[in-house]
Amino acid sequence: MLAQIINSLNSVIRNWFLIIVLLGVGIFYTFYTKGVQFRKFGKAFKTTFGGAFNKDNDGISSFQALAVAIAAQVGTGNVAGTATAIVVGGPGAVFWMWITAILGMSTIFAEACLAQKYREVSEDGYVGGPAYYMKNGIENKKLGMRLAKIFSFLIIIALGFFGNMTQSNSIATSVHEAFNSIPLIVIGIVVAIVAAFVFVGGIKRIANFAQLVVPVMALIYIVFSIIILFKFGSNLGESIKRIFIAAFTPQAAAGGALGYGIKKALTLGVARGMFSNEAGMGSTPHAHATAETKNPLEQGYTAIVGVCISTMVVCTATALVILSTGADQFGLDGALVTQKAFEMGFGSLGKTFLALSLTFFAFTTIVGWYYYGEINVKFLFGNKGLTPYRIIVLFFIIWGSTREIELVWNMSDLFNSLMVIPNVIALVLLHKDIRNMQVEYEE
């Protein structure tokens, strides 16, 4: 019954409303910022990897803030989510993931700029996010506070609880597949124990952890993917062709039945695209608000790089590996599809490597999403809400490791979609702030 209710809600909210809202706000900000993701693409990389390691007063550097954001962005959405999108929506879903990312770069630029402008000072340094730019930025204070409270509640449920279930679920299933002797519940408990150690260290421990793990983790994954693509190089051109053709053409399945539809490719592509880069969700602004920067726009440029790395690099590598190896043709789902692709590329070593990679990807996302939830728990309840929140998060990590994957993903999709609504309302209401900041900085 629960699965049916969730599916019914997703059929409306995720499959229609989310597409219109996310693509709509992405198109709006692309034109409103005069294509900031295209005009300032080079500037974004220079800002991020040039002087962005500098920080003052032992604060969080721009790069560390990006590392926390990417830690949350690069998770099961890039490995398991991309695979699910291809299996259910066909290769065309990858094209719509790209479109969502390109448009989302302008959206996440706006989110990061607003997070910087309307952040506050806490005992740990700067703190901010959608709840803060809703409360401090929206002219109608009653509306702003109401939206802030709704958003805070939804993100706690969406990421802290159900979102982290998807991460622990993918860790448990992939590790269990690689090492059959380890029970799912044991994997979940181990993940929860390690996560608890990182949680109690606060944003500085999380930032240092992300700064060390994320770049190495992503680089190794991409290198292994490139090796597989060289090995199956004869299939690469056809795989890319399938992505573009399937995005606009329904494909027939075996026996003449209707296979992948355009609508399915579009809905899965947008949903998984959002899940992979989080543009428009309102999650990454929490990380970008903590950075020590000279101007909010500089962190906005850095946020653009995060979407590029998350979707255009990591998701694309995953998709091409799956399609080139034909791993989507074995009747598998989720992380097991990607694991099969790496197994075809490297044998049993590939299977083990993917399990370890996904463990790191998903674990860093658990840490990032926990932090986003923590900020909003403090916003709603103060420090007294932290202990109950941590206990509940750890419970969901353990529980999620043993759940049915389809239900876990659908519940996560639903709450991710719901938290987009108040955030997009705030982005629309505060659009003039972005223009004013751009004019001031660029002139």
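The structure is a predicted model, in which local features need pLDDT of at least 70, side-chain atom pairs count only at pLDDT 80 or more, and totals for chains, interfaces and linings use all residues. Residues are numbered from 1 along each chain as its sequence is written, and side-chain values use heavy atoms, with hydrogens and water left out.

The secondary structure of the chain comprises 19 helices and 2 strands. The chain has 443 residues, and 60% of them count as buried. Buried means under 20% relative accessible area, exposed means over 50%, and partly exposed lies in between (1.4 Å probe, protein chains only). Contact means heavy atoms within 4.5 Å. Among contacts in the chain with a separation of 6 or more, 83% join residues 24 or more positions apart.

A search of the whole structure found 1 cavity of 30 Å³ or more. A cavity is a set of points, on a 1 Å grid over the protein atoms alone, where a 1.4 Å probe fits but cannot get out; lining residues have an atom within 4 Å of a point. Grid points are joined across faces, edges and corners, and the volume is the space filled by probe spheres set on the points. The largest cavity has a volume of about 60 Å³. Its lining consists of Leu 22, Leu 23, Thr 100, Leu 103, Gly 104, Thr 107, Asn 277 and Ala 279. Helices α1 (2-32) and α6 (92-117) each supply at least two of the lining residues. The most comes from α6, with 4 residues. By type, the lining holds 4 nonpolar residues, 4 polar and no charged. Here Ala, Val, Leu, Ile, Met, Phe, Trp, Tyr, Cys and Pro count as nonpolar, Asp, Glu, Lys and Arg as charged, and the others, Gly among them, as polar.

Gly 24 lies in α1. At 32% relative accessibility, Gly 24 is partly exposed. Gly 24 and Leu 103 are 79 residues apart in sequence, yet their C-alpha atoms are 9.0 Å apart. Leu 18 is also placed in α1, and is buried at 2% relative accessibility. Ala 110 belongs to α6. Its relative accessible area is 0%, so Ala 110 is buried. Leaving aside neighbours within four places in sequence, Ala 110 is in contact with Tyr 29, Leu 427 and Ile 434. Ala 110 and Ala 279 are 169 residues apart along the chain, with 9.8 Å between their C-alpha atoms.

Two helices were compared with their expected span, which is 1.5 Å times one less than the number of residues. Helix α17 (residues 386-400) has 15 residues and should span 21 Å; its end C-alpha atoms are 21 Å apart, in agreement. Its buried residues are Leu 386, Tyr 389, Val 393, Phe 396, Ile 397 and Gly 400. They cover an arc of only 105° around the axis, and therefore sit on the same side of α17. The arc is that of the directions from the helix axis to the C-beta atoms. Exposed residues Thr 387 and Ile 391 are carried on the face turned away from the buried side of α17. The cover over the buried residues of α17 includes α8 (141-178), α9 (184-199) and α16 (348-381).

In α11, Ser 239, Ile 243 and Ala 246 are buried. Seen down the axis, these buried residues fall within an arc of 90°, so they line one face of α11. An α-helix has 3.6 residues a turn, so residues three or four places apart point the same way.

Val 200 is in the loop between α9 and α10 (202-231), and is exposed, with a relative accessible area of 53%. Val 200 and Arg 390 are 190 residues apart in sequence and 9.1 Å apart in space, C-alpha to C-alpha. Lys 34 lies in the loop between α1 and α2 (36-39). Lys 34 is exposed at 61% relative accessibility. Its phi is near 60°, a positive value in a residue other than glycine. Most residues other than glycine have a negative phi.

Methods. On a 1 Å grid over the protein atoms alone, a cavity is a set of points where a 1.4 Å probe fits but cannot get out, and a pocket is an open set with protein on both sides within 12 Å along at least five of seven lines; lining residues have an atom within 4 Å of a point.
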